[in-house]
Amino acid sequence: MKKTVRVRYFAMLREQRGLDEERVATEAATAGELYEELRKRHRFTLPADRLRVAINDDFGSWATAVRDGDALVFLPPVAGG
Amino acid sequence: MDFKLTDKPIDGAALMAGLRDTRAGACVAFEGRVRGESGGRAVTALDYEAYAPLAEKEGERILSEAREKFGVTGAVCAHRTGSLALGETAVWVAVAAGHRDAAFKACRYIIDETKARVPIWKREHYADGATEWVSCATRAGTAGGGAGGGKNAG
């Protein structure tokens, strides 16, 4: 089923995508499927096992179902401090 | 909010003053500064970028965990965003507790967990003109190295 989600990008992913955020129409069932779809489309260099995912401003898992209207962020390896 | 992101210089003394409490006999602070060297390369500047809503949420969780684990009377953390020059304060943690042991342990816990869990990213600018997102390298031998693998500052 087609749904539309909002994806925000930070750090390396923001630079590789060339955008801060976008709306994406997708048939991906899970957050993991959505990342793979975007990784192939935009040639992101980071594999999913190096990332975490946030859904609606909290940590989620790759198996979390994607629903219409969700806001997702794929988090590159963090490096604060 | 005791965990703060800011694009302005961090005023550590003001954060410490907010921890005054007559139950607290110890106050420990940690200041992380921008270092001019990283993995053998000369660094000229750093940029920090944060996913603010989740960074603040996760930062508050870490402070709550520290209060619960170590029984401290107060704990604060401030982290910079934006462009920083060498020597500038990137992160500041301060903890007040009844005695020094809890204060030292809680301070260490907060900085370690912040580096490993809070969605903040760091880009190093090198003297040769190159830039790199720390911990994001994908070629073998250049990776920053997992949790807490941030190379510069704190």
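Is B:Cys107 buried or exposed? At 4% relative accessibility, B:Cys107 counts as buried. Keep in mind that this is a predicted model.

**Cysteines**

- The count of disulfides over all chains is zero.
- A disulfide is a covalent bond between the sulfur atoms of two cysteines.
- For B:Cys107, the closest cysteine sulfur belongs to B:Cys27 and lies 8.7 Å away, which is too far for a bond because the cut-off is 2.5 Å.
- B:Cys136 is buried as well, and its relative accessible area is 0%.

**Where chain B meets chain A**

- On chain B, 30 residues are in contact with 21 residues of chain A.
- About 2200 Å² of area is buried between chain B and chain A, and carbon and sulfur atoms give 56% of it.
- Within chain B, the residues that lose the most area to chain A are B:Tyr51, B:Trp121 and B:Cys136, which together make up 28% of what that side buries.
- Three salt bridges are found across the interface of chain B and chain A.
- A salt bridge joins the side chains of B:Glu49 and A:Arg14, with an N to O distance of 2.5 Å.
- There are also 17 residue pairs in polar contact across the interface of chain B and chain A.
- Four elements of chain B, namely β4 (41-50), α2 (52-70), α3 (100-117) and β8 (120-126), each supply at least two residues of the side that touches chain A.
- The most comes from α2(B), which gives five residues to that side.
- Sorted by type, the residues of the side of chain B that touches chain A are 16 nonpolar, six polar and eight charged.

**Salt bridges**

- Over all chains, the count of salt bridges comes to 23.
- B:Lys8 and B:Asp7 pair at 3.4 Å, N to O; B:Lys8 is exposed at 53%, and B:Asp7 is exposed at 52% relative accessibility.
- B:Asp21 and B:Arg23 form a salt bridge at 2.6 Å, N to O; B:Asp21 is partly exposed at 25%, whereas B:Arg23 is exposed at 57%.
- B:Arg41 and B:Asp128 meet at 3.7 Å, N to O.
- B:Arg41 lies in strand β4 of chain B and B:Asp128 in the loop between β8 and β9 (131-133), so this pair ties together parts that are 87 residues apart in sequence.
- B:Arg41 is partly exposed at 29% relative accessibility, while B:Asp128 is exposed at 58%.
- Salt bridges that share partners link A:Asp58, B:Glu58, B:Arg61, B:Glu65, B:Glu113 and B:Arg117 into one network.

Note on methods:
Residues are numbered from 1 along each chain as its sequence is written. Chains are lettered from A and ligands numbered from 1 in the order in which they are written. This is a predicted model: local features need pLDDT of at least 70, side-chain atom pairs count only at pLDDT 80 or more; totals for chains, interfaces and linings use all residues. Side-chain values use heavy atoms; hydrogens and water are left out. Buried means under 20% relative accessible area, exposed over 50%, partly exposed in between (1.4 Å probe, protein chains only). Contact means heavy atoms within 4.5 Å. Buried area is the accessible area (1.4 Å probe) that two parts lose on being put together, summed over both. A salt bridge is a side-chain nitrogen of Lys or Arg within 4 Å of a carboxyl oxygen of Asp or Glu. A polar contact is a pair of N or O atoms within 3.5 Å; within protein, one must be able to donate a hydrogen and the other to accept it, and residues adjacent in sequence count only if both atoms are side-chain atoms. Ala, Val, Leu, Ile, Met, Phe, Trp, Tyr, Cys and Pro count as nonpolar, Asp, Glu, Lys and Arg as charged, and the others, Gly among them, as polar.
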